[in-house]
Amino acid sequence: MIIFISDDGFTQHHVGTLDDHDATKDTMSKKQQRYLTELLQDMLTIYEQHNDKK
């Protein structure tokens, strides 16, 4: 679980890997890994934007 809470109170969270991935049955494909990386990078960008509004 990843939770971002910006200085202005904006929150985001991500749980697990991806909706279409079952970690109990298989490993993530390279495509899934890239997509998850992009999702998390987007979350960080949004978090940083909220903190820059001071």
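Aromatic pairing in this predicted model comes to a count of 1 pair, where rings of Phe, Tyr and Trp (its six-membered ring) pair if their centres lie within 6.5 Å. The two rings belong to Phe 4 and Tyr 47; their centres are 5.3 Å apart and their planes stand at 40°, so the pair is tilted. On this scale, planes under 30 degrees apart count as stacked, over 60 as edge-to-face and the rest as tilted. Phe 4 lies in strand β1 (residues 2–5) and Tyr 47 in helix α1, so the pair ties together parts that are 43 residues apart in sequence. Helices (H or I, at least four residues) and strands (E, at least two) are DSSP runs, numbered from the N terminus.

Phe 4 is buried at a relative accessible area of 16%, whereas Tyr 47 is partly exposed at 23%. Buried means under 20% relative accessible area, exposed over 50%, and partly exposed in between (1.4 Å probe, protein chains only). Setting aside residues up to four places away in sequence, Phe 4 touches Phe 10, Thr 11, Gln 12, Met 43, Leu 44 and Tyr 47; contact means heavy atoms within 4.5 Å.

Residues are numbered from 1 along each chain as its sequence is written. Local features need pLDDT of at least 70 and side-chain atom pairs count only at pLDDT 80 or more, while totals for chains, interfaces and linings use all residues, and side-chain values use heavy atoms, with hydrogens and water left out.

Strand β1 also holds Ile 3. Together with Met 1, Ile 5 and Val 15, Ile 3 makes a nonpolar surface patch of about 460 Å². Patches are made of residues with over 30% relative accessible area and no salt bridge, like charges being joined within 9 Å and nonpolar side chains (Val, Leu, Ile, Met, Phe, Trp, Tyr) within 5 Å. The areas come from the Shrake-Rupley method with a 1.4 Å probe; for residues, only the protein chains shown count as cover.

The loop between β1 and β2 contains Gly 9, which is partly exposed at 47% relative accessibility. Gly 9 and His 50 are 41 residues apart in sequence, and their C-alpha atoms are 8.6 Å apart in space.

The next loop, between β2 (11–14) and α1 (30–51), contains His 21. His 21 counts as buried, at 11% relative accessibility. A polar atom of the His 21 side chain lies 2.8 Å from the backbone oxygen of Asp 26. With residues up to four places away not counted, His 21 touches Asp 26, Thr 27, Met 28 and Gln 32. Gln 32 is in helix α1 and is buried, with a relative accessible area of 15%. Beyond its neighbours within four places in sequence, Gln 32 is in contact with Leu 18, Asp 20, His 21 and Thr 27.

Side chains of opposite charge can pair when their charged atoms come close. The count here is 1 salt bridge, defined as a side-chain nitrogen of Lys or Arg within 4 Å of a carboxyl oxygen of Asp or Glu. Lys 25 forms a salt bridge with Asp 22, and the closest N and O atoms are 3.9 Å apart. Lys 25 is exposed at 69% relative accessibility, and Asp 22 is partly exposed at 30%.

Definitions and conventions. A polar contact is a pair of N or O atoms within 3.5 Å; within protein, one must be able to donate a hydrogen and the other to accept it, and residues adjacent in sequence count only if both atoms are side-chain atoms.
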